[in-house]
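Welcome! Here is a short briefing to read alongside the sequence and the 3D view. Take a look at both, then follow the topics below.

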Amino acid sequence: MAAINITNVSKIYAGGVEAVKSVSIDIADGEFIVLVGPSGCGKSTLLRMVAGLEAISKGTVEIGDRVINDIEPAERDIAMVFQNYALYPHMTVYNNLAYGLKNRGTPKAEIDARVAEAARMLEIEQYLTRKPRALSGGQRQRVAMGRAIVRKPAAFLFDEPLSNLDAKLRVSMRGEIKQLQKRLGTTSLYVTHDQLEAMTLADRLVVLNGGQIEQIGRPLDVYHTP
Ligand code: ADP
Ligand code: ADP
């Protein structure tokens, strides 16, 4: 587990668009931070810089005591969950969960134990031999979360993970994400445009606007209307 320190981070895309402007957020070990704000405000760009999917133009991101700007995405000790699941379609659920660990040379017994534990937590044990196309949207999203959990990362990054699900499933899954995060104690940075999702999940909310922090605080303080 680890804290994440984002310090004066900016993103200037080729062509000159400054999508993120000198943003600083100190995320405590085990804290759940939700990034909200209108479309185009830079949420996804900020998350992708932490993940290593976009280069950081200025500033630093530290996880634990390591500056991760120049560390390859796979070496960052971070797991990301996307809205489109990003599962490998030709692999079984078991292999989707095991893939990252296999690549790291984790021993087979350890892989099996971790996959079994994640599958139990997410109640997808009965689907381990299926391929993603034979699963519902909710089941696929559980597999995507399982793939993050098996790595036992220092941090989870979530990019609108529930936005492809129907309203009812979204509500139940957000409860499950909160429970899992509490249980695992993993530092989390979560992007959503859904206000209820943000209120339910966040220890603290960060409101971005035009690439800058407009507000940062506990959900009730941020959304309080006098
Ligand atoms: P959000 O996730 O809040 O919707 P984004 O981070 O996707 O916002 O986008 C922030 C800004 O950066 C927008 O103006 C968007 O058009 C721009 N942008 C995003 N990706 C790129 C890119 N690859 N190249 C140039 N501009 C981009
Ligand atoms: P594929 O058919 O894509 O080659 P499989 O999923 O059938 O892959 O099996 C690949 C490896 O994963 C095998 O070593 C197998 O023992 C292991 N494996 C597959 N399913 C499970 C499972 N449910 N529990 C434990 N190990 C599994």
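**A guided look at the model**

Strand S4 (residues 58–63) pairs with S5 in the antiparallel sense, over 2 bridges. Two strands count as paired if DSSP finds at least two bridges between them, and strands themselves are DSSP runs (E, at least two residues), as helices are (H or I, at least four), numbered from the N terminus. This is a predicted model, in which local features need pLDDT of at least 70, side-chain atom pairs count only at pLDDT 80 or more, and totals for chains, interfaces and linings use all residues. Residues are numbered from 1 along each chain as its sequence is written, chains are lettered from A and ligands numbered from 1 in the order in which they are written, and side-chain values use heavy atoms, with hydrogens and water left out.

**The sheet**

- S4 and S5 belong to an open sheet of 4 strands, in the order S2-S1-S4-S5, with antiparallel pairing.
- At its edges are strand S2 (18–27) and strand S5 (66–67), each of which pairs on one side only.
- In general, strands of a sheet pair through backbone hydrogen bonds, either parallel or antiparallel.

**Two buried residues**

- Ile71 is found in the loop between S5 and strand S6 (78–82).
- Is Ile71 buried or exposed? Ile71 counts as buried because its relative accessible area is 17%; buried means under 20%, exposed over 50%, and partly exposed in between (1.4 Å probe, protein chains only).
- Not counting residues up to four places away in sequence, Ile71 touches Arg66 and Arg76, where contact means heavy atoms within 4.5 Å.
- Lys178, found in helix H5 (residues 167–184), counts as buried too, because its relative accessibility is 14%.
- Leaving aside neighbours within four places in sequence, Lys178 is in contact with Thr200, Leu201, Ala202 and Asp203.
- Lys178 and Thr200 are 22 residues apart in sequence, and their C-alpha atoms are 8.0 Å apart in space.
- A polar atom of the Lys178 side chain lies 2.7 Å from the backbone oxygen of Leu201. A polar contact is a pair of N or O atoms within 3.5 Å; within protein, one must be able to donate a hydrogen and the other to accept it, and residues adjacent in sequence count only if both atoms are side-chain atoms.

**Around ligand 1**

- The residues around ligand 1 are Tyr13, Ala19, Pro38, Ser39, Gly40, Cys41, Gly42, Lys43, Ser44 and Thr45, each with a heavy atom within 4 Å of the ligand.
- Helix H1 (residues 43–51) gives the most to this shell, with 3 residues.
- Oxygen atoms of ligand 1 lie 2.7 Å from a polar backbone atom of Gly40, 3.0 Å from an N or O atom in the Lys43 side chain and 2.8 Å from a backbone N or O atom of Ser44.
- Taken alone, ligand 1 exposes 560 Å², and the protein buries 57% of that (Shrake-Rupley method, 1.4 Å probe; for residues, only the protein chains shown count as cover).

**Around ligand 2**

- Which residues are around ligand 2? They are Thr92, Tyr94, Asn95, Lys108, Asp112 and Leu128.
- An oxygen atom of ligand 2 lies 3.1 Å from a polar side-chain atom of Thr92, and an oxygen atom of this ligand is 2.8 Å from an N or O atom in the side chain of Asn95.
- Ligand 2 taken alone exposes 550 Å², of which the protein buries 44%.
- Helix H2 (93–103) and helix H3 (108–122) are the elements that give two or more residues to this shell.
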